[in-house]
Structure formats: C-alpha cells, structure tokens
Amino acid sequence: MQRPDPASIFGRYEFLVRRLHSLIGLLPVGAFLFIHFVTNFSILDGPATFQMRVDQIHSLGPITLPVVEWSCILLPIVAHALIGLIIVARGKRNLLYYRYARNFRYTFQRWTGVVAFAFIAWHVFDTRGWIQESWWVAHVTHPLGGGTFDAARAAATATASVQASGWVAAAYLVGVLACVYHLANGVWTMGITWGAWTSPAAQRWATMLCAAVGLGLAVMGLGALWGMATTVIR
Amino acid sequence: MNTTSNSSSFHRPIASDCQPGQRFYVRVLRQDGPRKRRYWQRFALEYEADMNCISVLQRIAENPRTDDGRDVAPVAWECNCLEEVCGACTMLINGWVRQACTALVAQLLQDRPGEIELRPMTKFPVLRDLVVDRSRIFAILEKILAWVPVDSYYDLGPGPRQSQEAQQMAYLYSKCMSCGCCLEACPQFLKIELEYREGETPEAYNARLRTANMRAYIGSHAIAQVELFNSNPIGAMNATERLDALVAEGGIQVCGNSQNCVRVCPKGIPLTTAIARAGRAATRHIFRKWFDR
Amino acid sequence: MAKPSVMIVGGGLAGMAAAMKLAELDCEVAVMSLTPLKRSHSACAQGGINSVNNLTRQLGDNEGKHFEDTVYGGDFLQHQPPVKEMADWAPRIINLMDRLGVTFNRTPEGFRDQRRFGGTLYRRTAFAGATTGQQLLYALDEQVRRWEVAGKLRKFEDWDFLGPILDEQGRLRGCVGQDMITMRIRAFPADALILAVGGCGLLFGRSTNSMACNGSAASRAFQAGARYANGEFVQVHPTAIPGADKLRLISESARGEGGRIWVPRKPQDPRPPTRIPENQRYYFLEERYPQYGNLLPRDIATREIFKVCLTEGLSVETDRMCVYLDVTALPREVLDQKLAGILEIYERFQGADPRVTPMKIFPAVHYSMGGLWCDFEANAAGGLNVGSPRNQHTNVPGIFAIGECDYQFHGANRLGANSLVACLFSGLTVAPGVVAYSDNLPGGDARDQTAALYDRATAKYQAEYKALLARPDGGPNPYRLHTELGQLMTRIATVVRHNAELADGYGKICAMEEKARACSLADHGEWANQNVVFLRALQDMFPLAKTIVKGALARDECRGAHYKPEFEMPAVEATDPAERRRQAEAWCERFADNNRRWLKSTVAAWSSDGEPQISYEEVDTRLVRPRPRLYGVVGGDVIEQVWKERERTAKAKAEAVPSASERGPG
C-alpha cells in the first residue's frame, strides 16, 4: 500500500515541536510568570519585603542562579517565542470575514504573543542586560542604558526603572496585560490540544476557568506594576 | 451531543420585501484560468420567487451580458445536487463561505440590499471563475486512511453491533460532504498552488503536488474523519496507523483553535469536539509510542 | 490471462459498488464521472434501503415476499428472475454495508433499526438518519479510495463520457471521454464498459434529480446501438418543494407521521393558511379515498394533486401550482425527532418554518424506471445465475448497464427504498459477469487492438467538438431551449398522458432537436467550457425524449406510472350483486386482454434516420402470475374474488396439460 510521503526534516518533528511549545508555555514559562508576579506584588508590602523576596531568590548562589535562570526561564521563553513566531508566520488570519469570539481570541493570541515577546526582550535588557558577561555589560548594556536592576538594591532599582517615564509605565501596562492574556488563553487552547476539555460545554466551562485565572493574574500583575510605579524609595 | 454550529442563522424567516421582477446586481470575481488575472464583472438580474444563488448563475449562463451591456463568457461554476448534500457549489457569497444552493437571494438582499458578491474559495487553486480544484481534500482522506478495511466484499455476516449513542456521534461525523467550508475559514489552512517547472512532466508535477498536499495541514474535516473511523469497531483495528498520520507533518498539531470551522460547517459537524478528542488520542498515542514499546 | 480492463462510467452507488468489487477481483478498473464521485446524485436518497431481516422474518416475512411486493408494486412489468435474485441478496448487501461502516440507525440493543415504507406491511427499511443514500455513497467512496491508494483503480472525475468505441464486429473496445477542465479528448481502451450513469430527470427541466442526471451518457450509448427499454415509465413523486432551479423532495415520511394534504376550498384564497378555518379546507385525498387517506400509493396521490390543481383550478397560488402539506398539527417531538431532516430542507430553501406554516408542495419527476435494455441468465430456481456474462449485459457486446440507468428491477413503478438496493445489487453482481465476459474475448482484448481504432474514435469526437466551438453566433440559446423542452416534457409526458398531446409533442420535440443543432455558444474558449458540455448534453436529450414520448404514445393502457385516462379501467359501481359480479367478470376479462396486449417491455432501438424504432418484448413472469393492482379501485373486493376464481380455473387447466419448456429471455 502506498504510504504518505516522508516528511521534511522540520515536519518529522512538527508534532513534537508543537506539543513542546504548548507545554513550555505553561511549564516553566507560565509558572515563572506567576512566581515573578508574586515576587513583585510583594512591593505592596513595602520595599523591605520585596528585598527579602529578591534575596530569597538570590540565595540560590552565584553559580546556581544563572543556571536556573537560563535553563528554566530564558531559554524556554526564547524557544517558546521563536516557535511562536513561526506559528504566527504560518497562519493567515481572517478576523475581518469571520468575526467570531473564538477567532478573535485566536488572532489576539498571536498579537499578544508578539507584543509579549518584544516587551520581555526589552524588559530583560532594561533590567538585566541579557548577558551578565563583563565585555557585553561594558560595550552593550551600559551604553544602551540597560541592566538597571541591582539585586542588592532591589526595590530602589526596580521602582526606578518603572518610573523612568510615562512611556515606560505604559509599556509595562501593555506588556503585563499581553502576557496575562497570552497565558490565560494559552491554557485554554492547551486544554484542547492535549485533550483535557473536549465537548463544547466543557470548553465553555474551561473558558470561564481560564478567564478567572487570567483575571487573577491580571490583578497580581497590575498590583505589582502599581506598587512599582507608586512606591517611593528615599 | 451538543454542536456549536450556527447553521440556524442560514434560515431565518425571509421578510417578503423581495418582489418578483425587482432588479438587483450580482458582482462576480472572475478568472479565466489558473494563475490568470482576476477581474470583477457585474450582472443585473430580476428577482424570481424562490431564487437562490444557483438560479442566479443559471440566469447569467442563459444571458451572459454585464450590466453595462457587454456580452461576456458565461460564469463557470460547479454544482450538482442543489440541496446541500453534495458539497459541489461551495463559494464565497458576500465574503462568507457556504453553498450557493442554500444561499437564498431574498435573504442575501435583506442583509445587503441591492447587490450580491460571488467569489471563488481562496484556499484552493482557481480553475476558472468560481470553479476551484479541491482534489487536495480527497488526497487528505487518503493520507488519514479514511475507510473501514474490511477483509472482502463477500458475505461474512452482519457488522458489529453498536450503541445508539455511538451511532449518533458517528452519523454526525459521517455527514461530512468534503465541501471545504471548514478549510476555507481556517486561518491555519493555507492555499497550495504550484506552477509547472521548466520541462516538467505532468507525472513529476503531480508527484510534487502530492508531496506538498501530504505535508500541509489536513484540516478539521480530516481530524473528524479520524475520529469517525477510529470509533468504528472494525476501523479501530488500524487506529494506530491513522493516529500516526494524525501526528505526521501537517497533522492535528497545526490546529490553532480559532474554531471557525465549527461555525461555518453547513452540516453542523462537531468539528472542535473531534479536534479535542483526537488531541487526547494523539497525546495517548505518542506516550504509548515512546514509553510503551 | 491478462487482467481485464474495465471502464465504469458514473460514480454513484451502482458504479462504485461495481468498481470496488472489480478491484477485489483483480481487474484494472477506471471510473469516469461528471462530478467527483463523492458528489454523485445517490447522495440525495433519503428514506432507506429495503431488505428482509431477522425481525421481519419472524413476523412471517421472507425474500419471496419482498420480491412479490416489488413486482406487484411495479405492475408486473419486470422480468422476475433479476428481481428475485435482488430480494435474495438484499439482506447480504445490507450486512456488507453495515461492515463498511454505514451509520445505520440502531435499536437500544445495538441492532440495525428498521422502519416501514410504502408498498409493504413489514418494517424492512434500514436507514441512516434522513440521508441513507449519502451514507451508503460515502462508504463506497471510501472503499474506492482505498483501492485507488492500493493502485488498483483510477478515477477520472470531471470527465464527460462522449461515446463507446466499437470494433468492426460491433464489440466494445473502449470509450472516449473529455476532461471538462482542460477540454482534452482521449480514448480509454477497455475490455468492458459499465454504464452506471443514473437517471435522466433533466429531460423534464426541473426534477428532484441532480444536475449531472442529464441522461447524456445513456443517450450516447443508445445512439451507438444499445437498446433503451420502458423509457415511458417515469416516476413522479407526489411531494416536492417547487424551486427556481430544482424541485426538492419531501419524503413520504411526512405523511407517514400524520401530515395532511389540502387546498383552500375557495380558489387561491389570499388568506395565510393558518387563518383558513377547518371547514374551508379541502382535504381532497382524505375525502376521495377515505380508506387510504394521505397515504395513497405514489402514482395515485400524484394524479390527484395534479387533478386538483390543473382540472379543478384549486392550486394554492395563482401563478404556480402547489398544495399544502400540513404538519403543523403534529406534536413537536414528532417533528423534531422524526422529521427534522426534511423540515430543515424546507426551512433552508423556503425560509419558512413548516412547524408553523403548512408547506407548499407539488409533484416532481423523480426516477426513471426505464433505461438501457439488459439481459440476464436465469437459474433453475427462477433467480439469476450470478457470474454469467449475460447479466446486466446490453445488446452491445461489452457494454453493461447497472443502477438507475438499467431497466430491470422496477417495472412500471418503483417502490420506495428499493432503488438503493437495486443499485448495490446490480453493481456487486455485474462484476463476476464482466470478468467472465472479458475472459477469452474474440479478437483479443483491448491491448490487442490497433492504435488506429482509438485514434479514429478520438479524431471523430475531436472534430465534433471543434465544430461545436465553431458554431456561428446568433443561433438559439441552448439554456432557453432546455427550459422549453423541460416544460413540454413535464406537460405531456408525466402524470397524465393524452395521445393527442403526445403526438403533437413529438413533433415539437423533433422541431426543438432541429433547433438545437443550430444553437450557438456564448463561450468559444478551450478551457473549462461548460457551454460546450451543456449544449452537447442538450442535443443528446432529444433521442431519449423522443423514445419516452413515442413509447408513451404507443402504449394504450394504464400501468404503474403510465396513466392515460382514455384507457382507464372502469370501476365496478353496481350495487346489485349479480350485476356487480357481471361487471367484475367483464373487468377481469378486459384486464386479462390488456395484459396479453401490453404486459410487454417497450424496447427502443435508435435507427440511422434519427428515430427510435419500437418493438416489444415478453415479460418473464415465471414466478408470480400477474394480477390486478387494486389500490383504491372502486369494487376492488369483488374484482379480487372473481380474479382468484379465474386463476384457480386456469391453474387446473394448466395442470392437465404438461407445461411448456422454460423460456429463456432476450
């Protein structure tokens, strides 16, 4: 019997890549977002509490922390984003003709993905300078005004970067909301992709569940942002 | 089984403000052949009782003259059953993918007075005017082994018994008429149109086209067919092969969950339920493949 | 021995059943079709498929009763062996379809569910929702695809069959087709050609048929020498939705569930139907046939609706004919659970909700009982010798006909839910016969023929095609001519037929045929030219139209769907018992006389002068003796009694004399 033609190299792993993309969106990237929001939300409890949370993270130590940061945060985000960009490029959005709520969510998932990626790239550069290697710091990060976060003076430097200008605050607002939507809606599609919710009724319930998750995350994220934008460090 | 089809929106009661003899226009996006220039033409028609887009095209065929009085070649289009069971007359009507036979002129004019717009489907290569080449849909059915592999056609007794519930679900999936609406509305399903290369034989071209078809996204109609045949007691005997096809390149993973398919399906097939169930089966299949062999 | 190569034209139920069976028998199979196979007209069949089953068997049913119902319903105009064999095979065919995954409705215990259909007392009809034909078609389409993937079968979809290729001995050697997109014409060498090309509803303009049912392929075979039989028997279904493009069927089950047919007593009463009070409604079927009411046999119901609208002027609308089919009084759950499918069709196409407003319906041409003449070989039991090359074989060696386009199974009137079983039966059983035929062909097989034979055929059709393209502008419009033909055929050759009209109509058809030869094209292009395909099909409608009309004109009787008021049998209306008996005896005498004269198949042959030549063929009634069909006949009881007595006497006489040797058909 004639079998389907052999797939292309990418094609052979397409299913794997797409499922991996779906998975790392939640674990670790989604989980990190949640932890990150919790940490930053603590600014509302005062700069000292925030400093304590940051110190807790940094207590991992100068070798462990970068390893964890790179393997559990940075690389997964980059992988998720790059695969995501390919997915965006391979779709042909048609919201103009098919104006359904789900189609809007599909389209918005792609927009927020791109926005979140751009925002995260800028945010990480602005606060951490991407790479902590001394040549990079001297020749790229500092001349471009990045790497402003100092773990030892966590509250002061973090609030300062948010309060740099109204534009920056606005960027944070958009970025945070984009991330939140992307995660919450991503969880919903993930549930379909992996077969957690199958029937239309289950998918409606899941929509509500994910909306609640998104709302919770938005409260956390915006609370953190509000704290960063309003806390004044003397 | 709950389906989220909105097919009820097709047949709202008609306000009878369309009178026989009333004049209206039909704008058709034409194309003389594959990859040729596209152009619009407008025809003026008179309303007749019970008119649908098929009778519109029949009137144009009878008298192919544009509203500015030019004699043109009649518009080419595809149709057969005229009662929305064969799937042939699928096209874009006022921008919306559907069958021309169930597109009633009175309703269309009620929604957009004065003019009806007809375009060919955009996800399939245009052969001429409103006729597109949908052979890819059938190629996809080959890829996913959409049949029950019986031993022979000799008399071997009755088929397996089935519950009413299983039959009802299978019947829903089995109504798929391969019209392509779900694919047209799917943002993840993209058009494939190849050009002949210099000195290429038809055989080589067809082989290349086949490869392209086999690698590209299968679409929700095919995912529902995998569910149909894998839930059939005999079909389930080669479910593994179908699941292999389902997770191959262009398989279920390409779905982006826009769920347009279920909204435009004229047969109300629960396509998104099929996608989620097939997703679950694919998850199980892949785990079994890696950890259970 | 080389594998037989078989070309099948038509990819509906019959064609695909033959294709998959031939592929299984290791033939080289090709299927040519006007549409992708999955879009064939078989998809339109709604009700179901008949067979004896375990349940009915225990209620006294058997294959013999299915057979008898079929020939009685068909007014005994069928040769009986093929019908007997079909009834015998029906349970096996349904089992096969079940194995192929057809989604037949189920009982709570998981068995196939069955419903009752017209013309029988048993629940013989298996069904898959309201789209049984579609479900069967898809199951076969899937099997055909499977063989295609296995490299055993090739499909030529969107190809127009132009004609058979015959050698000098008149034996089939292949056929010529045209790709309707590229317009390429090519020859297909083949050892056998199976025509499974369906009906010819488009001859009547609008019908319940699909647009591919234009009869052109059957007509081309007819013009090439195949005979056409019983063309005048055309079934008109009583209830269809009038449409500008097509007449869409509303299944009999609407009336089976309690739907009622009526018209306002006041002609063209302008009030909406729901405002017309009960006493101003004329339930004409119930009033005229109190016993059968709305569930009359199809032909009678159709005639009554016709009469009410045409003769009595009681049509619901002024500008067109229709009556109300009213299901508004039925309980909601019946409407939603049992009739949803058909109500949806009405709703979609009429934009009105039949649960609230009565449907407007009118009879429509539905099915052609007649078709290409074909042979059979009977066995000792009176069934078929399956595997014989004579089965389904037309008079042209190598051309077979199956499905709606053959004339074998339905006689003068088809029973509901019998067409699907006939298509599948003829498709599955033709295969071994075709293999037997292709074995040791005189003059070798298709590969042994000269290239010149195929080149000549291709060149002939190529020249005809070029001549069509080169037609000068300004001639008659083929689409309008088709409308004209359809209107004429519908008027003279459907429900009620009069010799004067038929004779006059025949002349008009000949004039139209002349006109068609001068029709011009609006499209002279050589790419996907639908104009050429249509005009060619239109031209080929005339030979069949003439055959139908000529056959109807010649047949001076009433039988099944063929009804001429002038030759209607009188009713037995006397009340005095002796007079009643005398009238019944006269009735039976006349009936027997009429059968001696007319219980014959009409067989038409195309002659070189462009006229169908009609002859008659005895009907093989070896199993069940013809008897009067007495549905709704006044005085039916006494006629039946007298007829039975006559039969007893005849039987006693026959037993005294040794019976004549068994007659072979054809």
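**Close-up 1. Strand β20 of chain C and its two partners.** In this predicted model, C:Y228 has C:A604 in β20(C) as its bridge partner. That pairing belongs to strand β11 (residues 228–229), which runs antiparallel to β20(C) over 2 bridges. β20 itself spans residues 600–606 of chain C and is mostly covered, with 5 of its 7 residues buried. Strand β21 (residues 612–618) also pairs with β20(C), again in the antiparallel sense, here over 7 bridges. Look for C:T602, whose bridge partner in β21(C) is C:Y616.

**Close-up 2. The turn of the β20–β21 hairpin in chain C.** Between the two strands of this hairpin sit 5 residues. Which residue takes a positive phi in the hairpin of β20(C) and β21(C)? It's C:G610, with phi near 80 degrees.

Close-up 3. β14 (residues 260–264) is mostly covered: 4 of its 5 residues count as buried. It pairs with β16 (residues 323–326) in the antiparallel sense, over 3 bridges, and C:W262 stands opposite C:Y324 of that strand. β14(C) also pairs with β15 (residues 281–282), antiparallel as well, over 2 bridges. For that pairing, find C:P264 and its bridge partner in β15(C), C:R281.

**Close-up 4. Where chain C meets chain B.** The contact draws 72 residues from chain C and 83 from chain B. About 6300 Å² is buried between the two chains, and carbon and sulfur atoms give 50% of that. On the chain C side, C:R39, C:R99 and C:R348 lose the most area to chain B, together making up 16% of what that side buries.

Close-up 5. How many salt bridges does the rule find across the interface of chain C and chain B? There are 5. One to zoom in on joins B:E84 to C:R348, with the closest N and O atoms 2.1 Å apart. Counting polar contacts between chain C and chain B gives 39 residue pairs, both residues at pLDDT 80 or more.

**Close-up 6. What chain C brings to the side that touches chain B.** Several elements of chain C each supply at least two residues here, among them α1 (13–24), α4 (80–99), α11 (340–350) and α16 (530–554). Helix α5(C) gives the most, with 10 residues. By residue type, this side of chain C divides into 26 nonpolar, 24 polar and 22 charged.

Terms used: Residues are numbered from 1 along each chain as its sequence is written. Chains are lettered from A and ligands numbered from 1 in the order in which they are written. This is a predicted model: local features need pLDDT of at least 70, side-chain atom pairs count only at pLDDT 80 or more; totals for chains, interfaces and linings use all residues. Side-chain values use heavy atoms; hydrogens and water are left out. Contact means heavy atoms within 4.5 Å. Buried area is the accessible area (1.4 Å probe) that two parts lose on being put together, summed over both. A salt bridge is a side-chain nitrogen of Lys or Arg within 4 Å of a carboxyl oxygen of Asp or Glu. A polar contact is a pair of N or O atoms within 3.5 Å; within protein, one must be able to donate a hydrogen and the other to accept it, and residues adjacent in sequence count only if both atoms are side-chain atoms. Ala, Val, Leu, Ile, Met, Phe, Trp, Tyr, Cys and Pro count as nonpolar, Asp, Glu, Lys and Arg as charged, and the others, Gly among them, as polar. Buried means under 20% relative accessible area, exposed over 50%, partly exposed in between (1.4 Å probe, protein chains only). Two strands pair if DSSP finds at least two bridges between them.
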